[in-house]
Amino acid sequence: MKIVDASVLVCGPGRNYVTVRIETDEGVTGLGDATLNGRELSVAAYLSEHVLPTLIGGDPQRIEDTWQQLYRGAYWRRGPVTMAAIAAVDLALWDIKAKVAGLPLYQLLGGASRDRVRTYGHAAGRDLPELFDSVRARQAEGYQAIRIQSGIPGLQRVYSIAQTENTPGMPVVEDWDTAAYLRHIPGVFEAVRNEFGPELPLLHDVHHRLTPQQSARLAKSLEPYDLFWLEDCTPAEDQSALRLVRQHSTIPLAIGEVFNTVFDYQTLITERLIDFVRSPVTHFGGVTAVKKLLDFAALYQIRSGLHGPADISPVGMAAAVHLGLAVHNFGIQEYSGYPAQAAEVFHPGYTFTDGHLRPSEAPGLGVTLDEQAMAAHPYRRDYLPYNRLLDGTLHDW
Ligand code: GCO
Ligand code: MG
């Protein structure tokens, strides 16, 4: 079996997605997700200029060797663009291998360790009534675990709360005030617990905005509300930052959605500074790399909580669901759904019921693409927002 064609498909059904398609001389096709939010075309160019031409004529069954060649052979290692590109190829090759075997991907990863994959959804509101409505809406959709994000008094534009109009083609600038945030958030969790009871698993994402000292204070103040996890409390590239948080709190910690390799986790895992790894199957080198990460994490009783917002395409999500069904140390899967137009392009195969995902039983990842529909949704340049403090200083994500 040989690879005869490999291409990058870029589209924008409600938001931008980059997909890799690898074709073999035996007519088996594999799909991979190469989406890197706000930097989409850099991965598309990395793939089409530098990676995909080297695959033609190669053996699609040699997944590990292809991974090593793309990682070690390029000289330039790591980084989100490189690792998103490697992930896309890796996913497409696993898709092909599983189709050739006639099995859903999870069967090649050891088979099912559970019946279904528990997810968490996103609730957010500018104030408590709006937040409660949002929690109820997620519960009505079936979610049994919910991430809570809230507006902050005095801040007009807070990430994931109020949609702000931006100059087309330019990033939105949002507001941040750490002191106001630290004052407000514990009361939000107290109110949510009082309203929804003690059993609902609650999560919270700090988006890397605090110092270790501020994070430790927040973690202590949230302890009475029994969070499932506190996510990304400090800037992720500083692994030692979580030592201080750990010394002061037993709150479960999750981090890693911006990591690209296992080396970003080395201190965090071996010193047991975290409880959940957050990397997506995409951006981290694919199923091959995340499976190894999870096996490493398992030695330290650390579980998965893979990144799964709408900027992971349904192709990447399908891979995460197969992996989540298979690995023993599964924790939870983020799943926030997709813009309605995405369903015209991607037929993901997996199903979502009662807050749980189940992979397709079709051979491979189980995802199919409608390329005609794709043409109706072209790419449009878009950015993530960023933050400034009230005096104009640029702040951490
Ligand atoms: C999450 C993430 C998202 C990111 C987004 C960036 O936990 O889902 O933090 O909210 O901001 O994925 O591309
Ligand atoms: Mg996050």
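Is F259 buried or exposed in this predicted model? With a relative accessible area of 4%, F259 is buried, a term that stands for under 20% relative accessible area, with exposed meaning over 50% and partly exposed in between (1.4 Å probe, protein chains only).

In this predicted model, local features need pLDDT of at least 70 and side-chain atom pairs count only at pLDDT 80 or more, whereas totals for chains, interfaces and linings use all residues. Residues are numbered from 1 along each chain as its sequence is written, chains are lettered from A and ligands numbered from 1 in the order in which they are written, and side-chain values use heavy atoms, with hydrogens and water left out.

View 1. A search of the whole structure finds 18 aromatic pairs, where rings of Phe, Tyr and Trp (its six-membered ring) pair if their centres lie within 6.5 Å, and planes under 30 degrees apart count as stacked, over 60 as edge-to-face and the rest as tilted. The ring centres of F132 and F196 are 5.6 Å apart with the planes at 90°, so this pair is edge-to-face. Because F132 belongs to helix α5 (residues 128-141) and F196 to helix α6 (residues 178-196), the pair ties together parts that are 64 residues apart in sequence; helices (H or I, at least four residues) and strands (E, at least two) are DSSP runs, numbered from the N terminus. Both F132 and F196 are buried. The rings of F259 and Y265, with centres 4.7 Å apart and planes at 85°, also form an edge-to-face pair, and Y265 is buried at a relative accessible area of 0%.

**View 2. Surroundings of H208.** H208 is placed in the loop between β7 (202-205) and α7 (212-222), and is buried with a relative accessible area of 8%. Its side chain reaches the backbone oxygen of W397 at 3.4 Å. Leaving aside neighbours within four places in sequence, the residues in contact with H208 (heavy atoms within 4.5 Å) include D232, C233, V258 and D396.

**View 3. Helix α2 and the ring of W67.** In helix α2 (residues 63-72), the buried residues are I63, T66, W67, Q68, L70 and Y71, and what covers them includes α1 (40-55), α3 (80-101) and α10 (286-298). The charged end of K292 sits over the ring of W67, 5.9 Å from its centre, the criterion being that NZ of Lys or CZ of Arg is within 6 Å of the ring centre and within 35 degrees of the ring normal.

Conventions:
Polar contact = N/O pair within 3.5 Å; in protein donor to acceptor, adjacent residues only side chain to side chain.
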